[in-house]
Amino acid sequence: MPRTRPHHLLRAALVARPLLVAALALLLVAGGFAARSGVSWYRAAHDDSAAYAVERDNALSAGEQSVQNLNTLDHNSLERGLDLWESSTTGELHSQLVAGRAKFEEQVRQAKTVSTAKVLSGAVTELDDRAGRARVLIALRVTVRAPGGEASDKDSRMLGELTRTEGHWKLSALGQAPVGDTSAD
Amino acid sequence: MSTTRHHINRTRRLAAAPRPRRLEAVAEPKPVRKRPVDRKAATGQSSVIPTPRPRRALLVVCALTLLLGAFAGWAHARAAAERDVPAARNTALTDVARTSEIKGRTDKAVADLFSYDYAHPEAARKAVSSLLTGKAVAQHQQLLGGVLAQARKSKAVITTTVTESAVERISGDRARVLVFADQSSSTTHGKSGTAYAGAMFAVEWVRQEGRWLVSGIDTFGR
């Protein structure tokens, strides 16, 4: 007996107020959609992976730009070039560059070389979003022009470490991937 | 003019007249008049439906429906906008499982495709036929054809190992991985010993019918 009651209720309601029942049904459907898209929006807004992806791209573009900066130097505008080197770096790498600046400046002034670099490809291997640390691989082509001679191209396999300081990613370590037995790990 | 005013007044009266009754019905559910519906309610059984004023209920329901519908549409648009960050379309590193899968596949594929053992030439052939697709076949041939012929002649063993690799991008069924690899070659006679060479290139992947295949090898114009 009690089981049949909702059924009877529905039928009675349909007979008495078909329009209201239909409207209620629509309301239920709309409620369902609202709930679903609400949840979807909440998830999208709290999706850390989108923010992580943005940070990954930030780190990579900063890494590529910095590596390019550090492989670009014109003996005619040494001051500007080396200032850029220093502003692209932080931490230990920065200290090394500052410490070796005078000596290096002298070498380039004598060699009278012009180096330009082009990033062929780059990718992030690791990214610690919270700590603000990242590692990048960068395929680089450096072109060096010596005073009398012609330009020579050299490809470099760069490994960079980035540290985020005051919201900006800067290189804190940079080296070339070693060739041979030693590189295996 | 006067007829219009009369008409307006009449409509107002008519509109105002039922209102108190309506309020009464809503505010005081206790039965004053003995109606069958009220009796049911009094005996503890739920009343079928409140009989009066279907229109107001209908309007409220319709308004709520519209409101919820509007919210649904808006929230949907917000969610789509939130997800449509250009960076988010590349799932390298954000999709940890897929990233490490692609990386692992690349390390193995590079080792298989760029290694050669004169004693087991079929292994290299198998790698080529099972891993490469599209222009990658020609690119691989161009890169390795000469080396392989040389290796066959001098009975050399070429071993390629990926030393560093990083996934540049994954978008749906496509991926690109930057690879730093070392290649060592040694002849069995030990005449020239072992020579090492470093290489860098990018491997492009495409997923076809559930299988990941190498669709391109980018050596950056070298």
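## Exercises on a predicted model

Glu209(B) lies in the loop between strand S4 (194-208) and strand S5 (211-218) of chain B; helices (H or I, at least four residues) and strands (E, at least two) are DSSP runs numbered from the N terminus. This is a predicted model, where local features need pLDDT of at least 70, side-chain atom pairs count only at pLDDT 80 or more, and totals for chains, interfaces and linings use all residues. Residues are numbered from 1 along each chain as its sequence is written, while chains are lettered from A and ligands numbered from 1 in the order in which they are written.

**Exercise 1.** Where is Leu93(B) found, and is Leu93(B) buried or exposed?

*Solution.* Look in the loop between helix H4 (54-83) and helix H5 (96-113) of chain B. Phi of Leu93(B) is near 75°, again positive in a residue other than glycine. Leu93(B) has 27 C-beta neighbours inside 10 Å, so this residue counts as buried.

**Exercise 2.** At what angle do helix H4 (residues 78-87) and helix H5 (residues 91-111) of chain A pack?

*Solution.* The angle is about 160°, and the axes are 10 Å apart (axes are lines fitted to C-alpha atoms, for helices over the stretch in contact, with angles from 0 to 180 degrees between N-to-C directions). That makes H4(A) roughly antiparallel to H5(A) (under 35 degrees is roughly parallel, over 145 roughly antiparallel, 65 to 115 roughly perpendicular, the rest oblique).

Definitions and conventions: Buried ≥ 20, exposed ≤ 12 C-beta atoms within 10 Å, placed from the backbone.
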